[in-house]
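Please walk me through this structure in plain terms. I would like to know how its parts are arranged.

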Amino acid sequence: MSKSITLNHITKIEGHASLKLGISRGKVNVCELSSVEGSRYFEGIVKGRKFFEAHEITSRICGICSCAHVIAAISAVEDAVGYVPTYQTIQLRKLLTLGERIRSHATHLYFLALPDYLGYESALAMAGKYRKQLQNALNLMKAGNGMLKVIGGRDLHPVSATVGGWLKHPKKEDLKKLELNLEAVKEDAIKTCNLFFSLSYPKFESDTECFSLVEEKEYAMLSGRFSSSKTSFEKHKYRDFVKEYHEPRSTANFVVKSDHRYMVGALSRMDNSSDKLSNGAKKMLKKSPMKLPSKNPYLNNVAQAIEIVHCIDESLRILEILNIQNEPVEKIKLKAGTGVGAIEVPRGTLWHEYTLDDKGTITNANIITPTAQNLLNIQEDIRMFVPSVIKQKKEKIVLGIEKLIRSYDPCFSCSAHFLEVNWK
Amino acid sequence: MADQKLKMGFYGITGCAGCLLSVIFNEDEILDLVQLVDLKAFPFIKEVNADEEFDYVFVEGLVADKGDLEVLQKLRKNSKFLVSLGACACTGCVPAYRQYTLKENYEHLLYRKQNNVEDLQPTPVDAHVKSDYYIPGCPPDKKEIVTFIKNVVLGKQPKPLDNPVCIECRKNGNQCLLDLGKPCLGPITAGGCNAVCINGGFECWGCRGPTKDMNLDLMINILRQKGFDDKFIQDRMRTFVGLKLPMLEKVFNVNVKINNSKPHN
């Protein structure tokens with residue numbers, strides 16, 4: 001018996017994607033996951049622009065992780081000219097990254113992932129029976145967004161971060177309020193963990209390698225070596241390890257490392273760095289049904305819930321020691337060169353690379369988003385997963401697949417990326 | 001009562017999902033707001049999306065490929081009022097700036113086309129279909145979206161704002177960034193954003209589009225006096241709203257290489 005399944009417009013994800021699946025005699029013979037997002041050519045758009053404009057332009061790649069693109073672009077530009085930001089600037093960038101992760105994870109978990117598990121078509125449809133749980137989500141989203149507003153000047157496409165420092169520092173009284181807000185949503189984060197620990201996840205093991213930035217002493221965010229349990233490398237060497245190629249059907253490109261697929265995101269970070277989580281997050285991890293290391297992508301939801309606890313704790317830790325001073329933005333000494341920014345963002349490791357000439361004009365750009373790296377892995381996971389549910393009704397199969405795709409929290413807006421085809 | 005509520009749909013074509021998020025990120029209002037209307041479609045957060053007649057359809061994003069155009073035309077056909085939500089829909093935003101970059105900058109990024117993905121010239125909604133309302137900005141102001149929905153539910157006509165950003169900026173007591181030598185486009189840009197960028201220390205890039213009575217020549221002269229060269233000024237002005245400033249070509253009187261053909265109309 002053969003059947004085919006086509007999902008032309010996968011809902012509850014960022015951006016647009018479709019899936020084509022062909023099954024014959026119990027085997028999957030066609031499995032094509034494609035981004036059907038229109039092309040936006042950001043890497044071409046920034047060429048010819050100034051070094052201090054890259055982050056404002058590339059921020060528009062993605063709404064939900066716009067802070068991520070801002071910080072990655074600034075880091076790459078600073079790396080190109082050999083500028084090292086101050087301690088205070090790094091702390092502010094960390095706060096921007098943490099706040100974004102809180103709002104992004106909360107939005108994904110409740111609005112995109114949860115309805116599948118509770119049997120609803122949307123979070124809004126759950127409002128009658130699950131109003132309290134939705135309120136937990138909205139409290140967390142509001143706290144995260146509020147944090148971005150205080151630190152970055154705006155929650156989507158933040159404005160205050162810039163090359164060489166910070167354009168306008170948050171006020172001390174606003175930072176104090178922020179601390180109180182974060183304290184107040186700790187409870188929501190713990191409830192989120194308990195809720196997501198209580199759901200039942202399919203048993204599944206991806207044939208993958210989990211990569212994330214890893215630091216010696218902290219749960220890596222803005223620095224570290226790109227590492228898995230088997231290997232690790234320094235960010236400037238990424239082209240030696242990360243190979244890119246195009247899927248002709250899709251506007252997003254797939255990235256493979258040594259011809260082997262890999263996975264980035266909250267689960268990978270937890271696999272590689274769980275010993276560096278905050279104490280509160282470690283406590284939740286112990287309570288969770290997840291046994292690390294895990295390669296079950298469905299558990300990315302669990303990892304995200306635990307990360308919310310970590311992000312709140314870590315933000316509070318930084319806020320406690322941050323004694324904000326008025327540091328003017330430093331003037332950048334220009335020189336020609338290439339720089340790489342690699343940071344951990346909600347969906348995984350984000351790479352920005354820029355080449356500047358000696359006048360500070362961008363002559364080349366390369367951006368690799370987490371979803372672009374995960375795409376191949378999601379597709380191959382679907383191929384592996386389908387045979388285990390093949391005897392079930394079509395709707396059940398589709399739900400299983402959609403849950404799998406959504407567990408990665410893919411962002412198909414982000415993933416539209418193009419490079420010259422290099423068939424080595 | 002349910003059938004008396006306005007039927008609304010929220011859709012995204014090529015974009016960053018930021019405008020749709022701006023709807024949801026009204027954390028205090030969203031659950032009540034959706035009760036005011038009959039929310040028929042919102043594929044970003046809903047599995048079940050009715051394909052039918054809408055009173056209002058909100059569209060995020062710009063037309064970048066054939067698929068976008070097909071969706072947009074269908075939405076136009078199915079709706080009484082179509083609202084362009086955010087800068088991509090209103091002006092083409094950053095992705096449409098590609099029209100002003102050299103083809104050689106992105107040509108190598110093109111990949112082998114298959115029949116299901118066909119690029120079109122990046123263009124805003126009203127280059128293809130009639131847009132009844134505009135909620136501008138990248139991102140749009142979250143509260144402006146709520147106000148818009150409340151207004152139409154109450155049967156009030158939403159009014160576009162045409163005061164320059166400077167008015168709100170002065171009210172907020174900001175120091176003028178032009179005075180500090182920054183290339184701020186506040187004087188020629190429509191406000192309604194509460195000067196959020198300048199409040200955060202960042203100059204206005206003009207994302208909400210030009211005011212009707214802008215003095216473009218004066219703006220350009222001020223920027224020249226501040227030491228910015230013509231290429232920089234043009235690039236800045238075109239980043240978010242280039243297609244709404246076709247007069248720039250004449251003002252600068254230089255041959256800017258615009259690739260491909262004109263956007264369709």
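In strand E12 of chain A, Leu350(A) is the bridge partner of Ile343(A). Strands here are DSSP runs of E with at least two residues, and helices are DSSP runs of H or I with at least four, numbered from the N terminus. E12(A), residues 348-356, pairs with E11(A) in the antiparallel sense over nine bridges; two strands count as paired if DSSP finds at least two bridges between them.

Helix H3 of chain A, residues 66-81, packs on this sheet and touches E11 and E12 of chain A, its direction making about 150° with that of E11(A). Helix H11(A) packs on the sheet as well, touching E11, E12 and E13 of chain A, at about 125° to the direction of E12(A). Such angles run from 0 to 180 degrees between N-to-C directions, with axes fitted as lines to C-alpha atoms, for helices over the stretch in contact. Contact means that the C-beta atoms of two residues, placed from the backbone, lie within 7 Å.

The sheet as a whole is open, with three strands in the order E11-E12-E13 (chain A) and antiparallel pairing. E11 (337-345) and E13 (362-368) of chain A are at its edges with a single partner strand each, so one side of each has no neighbour in the sheet.

The model is predicted: local features need pLDDT of at least 70 and side-chain atom pairs count only at pLDDT 80 or more, while totals for chains, interfaces and linings use all residues. Residues are numbered from 1 along each chain as its sequence is written, and chains are lettered from A and ligands numbered from 1 in the order in which they are written.

Another open sheet has three strands in the order E1-E2-E3 (chain A), again with antiparallel pairing. Six bridges join E1(A) to E2(A), residues 17-24, and Gly22(A) in E2(A) is the bridge partner of Ser4(A). Helix H11(A), residues 370-389, lies across E2 and E3 of chain A, at about 150° to E3(A).

Helix H6 of chain A covers residues 172-198. H6(A) bends by about 35° at Val185(A), the bend being the angle between axes fitted to the seven residues ending there and the seven starting there. Its buried residues include Leu178(A), Val185(A) and Phe196(A); buried means that 20 or more other C-beta atoms, placed from the backbone, lie within 10 Å of the residue's own. The buried residues of H6(A) pack against helices H4 (87-118), H5 (131-152), H9 (279-287) and H10 (300-321) of chain A.

Overall, chain A has twelve helices and 13 strands, and 55% of its 424 residues count as buried.

How values were computed: The expected span of a helix is 1.5 Å times one less than its number of residues. A residue is buried if 20 or more other C-beta atoms lie within 10 Å of its own, exposed if 12 or fewer, and partly exposed in between; C-beta atoms are placed from the backbone.
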